[in-house]
Amino acid sequence: LQGIFVLGLPYALLHSGYSGLLLIVLAAALCCYTGKILIACLYEENENGQLIRVRDTYEDIANACCKKLSPNLGGMVVNVAQVVELIMTCILYLVVSGNLLSHSFPHVPVTEKTWSIFAFVTLLPCIFIRTLKIVSKLSQLCSLVHFVIIFVVLTYCLTQMHQWSWAKFRLSLEFEDFLVSVGVIIFSYTSQIFLPTLEGNMKNPGEFRCMLNWTHFFACILKTTFALTAFLTWGEKTKEVITDNLPSFLETPVNLCLLTKALLSYPLPFFAATEIVYSCISKDNHSNYRSPLLALTVRGSFLLLTLLMALFTPHFALLMGLSGSVTGAAMTFLLPSLFHLKLKWKKLSFLEKCADISVFILGFLCSLAGIVCSIKGLLEVFG
């Protein structure tokens, strides 16, 4: 899910300057930490002091924390947040698809919104996806295309090293633009909703913490390198989607590869979102859970919703910043730290409690400020 949104990181550096580099590193460290404490919430000690996995999903953790208020309240909140984040991801794929088609064929008298509709038409077969097997094959193709795109962009940037200048970085920042950049950077790291399933399917779950350390370390290195080299190449001319800065002989083929990746990536968050809705429906009405008509209705409604949102908010960076500030911050920082404090309070050391509280406060402030600034930016654009 993160791959295509890495293309927005150079634009985030444009508005955050040197602090953006620090933010990329800090976000990686914080996301790694919250991933670990989230998984810790899946386990409880038995009578012999051994850790036993007593919960399986993010929803289970939320329900355990809110069981005194309502048995299913926490799970409902988490499910809503997950669905919103996944749907926002789908919307972003449509927005960027319209943007890519528009820049790939600039001489065709078609608006960006119309291009998004054309992209939407190619996604209609998603209505008939019933298993994760098909989605996994599409995701494998996405990974291959993603590496090709990043390699091409980095190679071109390295050929322009003679033009690089650290003077392109801002020393003074616009506070509101900076906060939108925070949301973009956070969104590029969000993966917490998949971690419980990932850890549960590992051959050796004991290696999860080590795996998380290394993956976030390499993600941080790669994202910093990519964002830095791209920004040093184009400076103030850096655009929302960095491939728009490429010369014409590279822009069109790279944009078409990126378009292919975006369209192939769409089914994964779309399938995950509909499955969450199905699981909620099944708890209330088992007979209609696998009704073909219900399945088509839900999937069709989700597809239409993503199209309408993409048409009304056709601004990649602002929408990405808003998503990162709302669901990204909640699922990545706020809820893991809150749940960890609730479930493990008696066993946490003073420093661990301080760390969780600090992460919660930081996430809350960033989320609140990012929401206000992103919405203000969108209103100004519409105005």
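This briefing walks through the fold, the core and a few individual residues of the structure above.

The model is predicted: local features need pLDDT of at least 70, side-chain atom pairs count only at pLDDT 80 or more, and totals for chains, interfaces and linings use all residues. Residues are numbered from 1 along each chain as its sequence is written, and side-chain values use heavy atoms, with hydrogens and water left out.

**Overall picture**

- The protein chain holds 14 helices and 2 strands (DSSP runs numbered from the N terminus: H or I of at least four residues for helices, E of at least two for strands).
- Of the 383 residues in the protein chain, 52% are buried (under 20% relative accessible area; exposed is over 50%, and partly exposed is in between, with a 1.4 Å probe and protein chains only).
- Among contacts with a separation of 6 or more, 79% join residues 24 or more positions apart (contact means heavy atoms within 4.5 Å).
- The accessible surface of the protein chain is about 18,300 Å², and 69% of that belongs to carbon and sulfur atoms (Shrake-Rupley method, 1.4 Å probe; for residues, only the protein chains shown count as cover).

- The largest nonpolar core has 101 residues, and Y58, L94, I185, Y189, Y266 and F339 have the most contacts inside it (a core is a set of buried Ala, Val, Leu, Ile, Met, Phe, Trp, Tyr and Cys residues joined through side-chain atoms within 4.5 Å).
- Helix α4 gives the most to this core, with 14 residues.
- Beyond four places in sequence, Y58 has contacts that include V78, I193, M331 and F339.
- Helix α3 (residues 58-65) is mostly covered, with 7 of its 8 residues buried; Y58, E59 and N63 are among them.

- Q82 sits in helix α4 (residues 73-104) and is buried at 9% relative accessibility.
- T224 belongs to helix α9 (residues 208-234) and counts as buried at 18%.
- The T224 side chain reaches the backbone oxygen of C220 at 2.7 Å, and T224 also touches L21 and I24.

**A nonpolar surface patch**

- W345, I357, I361, F364, L365, L368 and V372 make a nonpolar surface patch of about 660 Å² (patch residues have over 30% relative accessible area and no salt bridge; like charges are joined within 9 Å, nonpolar side chains (Val, Leu, Ile, Met, Phe, Trp, Tyr) within 5 Å).
- A salt bridge here is a side-chain nitrogen of Lys or Arg within 4 Å of a carboxyl oxygen of Asp or Glu.
- L365, in helix α14 (residues 350-382), is exposed at 51% relative accessible area.

Conventions. Polar contact = N/O pair within 3.5 Å; in protein donor to acceptor, adjacent residues only side chain to side chain.
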